[in-house]
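Subject: Handing over the structure

Hi there,

Have a look at it, and then read on below.

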Amino acid sequence: MRISRYAAPLAALAIPLALYGGALVSQFGFGLHPCEMCYWQRWPHQAAIVLAALALLLSRNPAAMRALTLLAAIAIAISGVIGVFHAGVEYGFWEGLTTCSTGVSGPVSLSDIMAAPITRCDVPQWTLFGVSLAGFNAIFSLAGAAFVLTLLRRRPTSAAR
């Protein structure tokens, strides 16, 4: 099977873009306010997007492209691992955060805390077939990282470069 050398970095860009985009749609389109651990899952996706974009920009250097794509796959997997942890907290398998948090960045005042929506990390806001958004992020991120790594292992044929 012929595979383009761009397949892995394109997948490494598309997967976190779709997952991060889905998180933003659920937040701003459907009013599902993220908890602290939800934000934790977003950071590796943001890093993966930047790394995969850099890989594509540096496509003239195959070694750099592969290294950056590998780092993007690792970042996607990290988001999946955080998703596993968050889903475990939601299912009561282990304890999560025990402190208050808010989505406000920078100095936080009492009025910021009082105005922030209360979103607990141990209560899923939405589920489908008993799987929360954190669970879906875990599934799709870990599967996506495995897919990117599989594409990276395949060597492009000379005709598919």
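Here is something to start with: which helix gives the most to the lining of the second largest pocket? It is H1, with 6 residues. Please keep in mind throughout that this is a predicted model.

About that pocket: the second largest pocket has a volume of about 430 Å³, and 28 residues line it. Lying nearest its centre are Ala23, Ser26, Cys38, Leu133 and Ala134. At least two lining residues come from each of helix H1 (7–29), helix H2 (36–57), helix H3 (62–90) and helix H5 (133–153). Sorted by class, the lining holds 15 nonpolar, 10 polar and 3 charged residues.

Next, the aromatic rings. There are 4 aromatic pairs in the structure. One of them joins Tyr91 and Phe93, a tilted pair with 5.8 Å from centre to centre and 35° between the planes. Tyr91 is partly exposed because its relative accessibility is 41%, while Phe93, at 61%, counts as exposed. Phe136 and Phe140 have ring centres 5.9 Å apart and planes at 20°, so this pair is stacked, planes under 30 degrees apart being the cut-off. Phe136 and Phe140 are 4 residues apart in helix H5, which means that about one helical turn separates them. Phe140 is partly exposed, with a relative accessibility of 46%.

Finally, Tyr91 and Phe93 turn up again in an aromatic cluster, together with Phe85 and Trp94.

Enjoy exploring!

Best wishes

Notes
Residues numbered from 1 in each chain as written. Predicted model: local features only at pLDDT ≥ 70, side-chain atom pairs only at ≥ 80, totals over all residues. Heavy atoms only, no water. 1 Å grid on protein atoms, 1.4 Å probe; cavity = no way out; pocket = protein on both sides within 12 Å on 5 of 7 lines; lining within 4 Å. Points joined across faces, edges and corners; volume = space filled by probe spheres on them. Nonpolar A, V, L, I, M, F, W, Y, C, P; charged D, E, K, R; others polar. Phe/Tyr/Trp six-rings, centres within 6.5 Å; stacked < 30°, edge-to-face > 60°. Buried < 20%, exposed > 50% of the residue type's maximum accessible area, 1.4 Å probe, protein only.
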